[in-house]
Amino acid sequence: EGWQVAMLYRTQHEAAAKLVSELEALGVRAAAYSADVASREQARDAVHRAEDTFGGIDTLVNNAGIAIPLTRLVDYTEEQWDRVFNVNLRGMFHCIQAVLPGTTARHSGAIANVSPIQGITGGAVEVPYSATKGGVVSMTRALAKEVGPDGIRVNCVAPGIIDTDMNAWLSDEAVHTISMATPLRRLGHAEEVAQAIWFLGSERAS
């Protein structure tokens, strides 16, 4: 759609490089930067590098997330709890705070946060994950009110279960059971979520 794309990755250098190569083959200007969004310094540095490369950021997509599969709350260590919160919620804060000065100065821009449906409904044996994603929903609502007067749109996309690497550990039986519990009786695809995010970042969502 004529957009330029900057992406962050933590460890998957080869996958990120492959994506950049594929985008460039389609005529899309793209770049990838290594950063752990849980680190304020790394997130801010990556955002600033992207701004320098592309001349600013029009739409920020916060979709970094981790979960510790099917672990009861009583079994969580403090380190596991902190890591989930640091990536899923603090990481979003770091990226938003780094992007806001530029979007505020231009009096335009969009932020699209991703909070799987557990952030609204909650998920058994996914308490920390659900808590962080619920925080994403609340932060989206509050931030939309705060920066709306500056011309910045803030929205949240809350998909059901999506066929991604994060869910690759699920058995075929579990995937089938989950699929049958959804209205369309299938998993969603990342491309479908991307369409919603693209709309929210575009002027069509003005």
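## Helix pair α3 and α5

Helix α3 makes a right-handed crossing with α5 (the near helix is turned clockwise from the far one by less than a right angle). By class, their contact has 15 nonpolar, 3 polar and 1 charged residues. Ala, Val, Leu, Ile, Met, Phe, Trp, Tyr, Cys and Pro count as nonpolar, Asp, Glu, Lys and Arg as charged, and the others, Gly among them, as polar.

The axes of α3 (residues 78-106) and α5 (residues 127-147) come within 9 Å and cross at roughly 20°. That makes α3 roughly parallel to α5 (angles under 35 degrees). Axes are lines fitted to C-alpha atoms, for helices over the stretch in contact, with angles from 0 to 180 degrees between N-to-C directions.

## Basis of the model

This is a predicted model; local features need pLDDT of at least 70, side-chain atom pairs count only at pLDDT 80 or more, and totals for chains, interfaces and linings use all residues. Residues are numbered from 1 along each chain as its sequence is written, and side-chain values use heavy atoms, without hydrogens and water.

Helices (H or I, at least four residues) and strands (E, at least two) are DSSP runs, numbered from the N terminus.

## Sheet and its helices

Three strands form an open, parallel sheet, ordered β3-β4-β5. Pairing takes at least two DSSP bridges between two strands. The twist averages 15° from one strand to the next. Strand β4 (residues 109-114) is joined to β5 by 6 bridges. Gly 109 has Ile 152 as its bridge partner in β5.

Helix α5 lies across β4 and β5, at about 160° to β5 (contact means heavy atoms within 4.5 Å). Helix α7 (residues 190-201) lies across β3, β4 and β5, at about 165° to β5.

Notes. Parallel < 35°, antiparallel > 145°, perpendicular 65-115°, else oblique.
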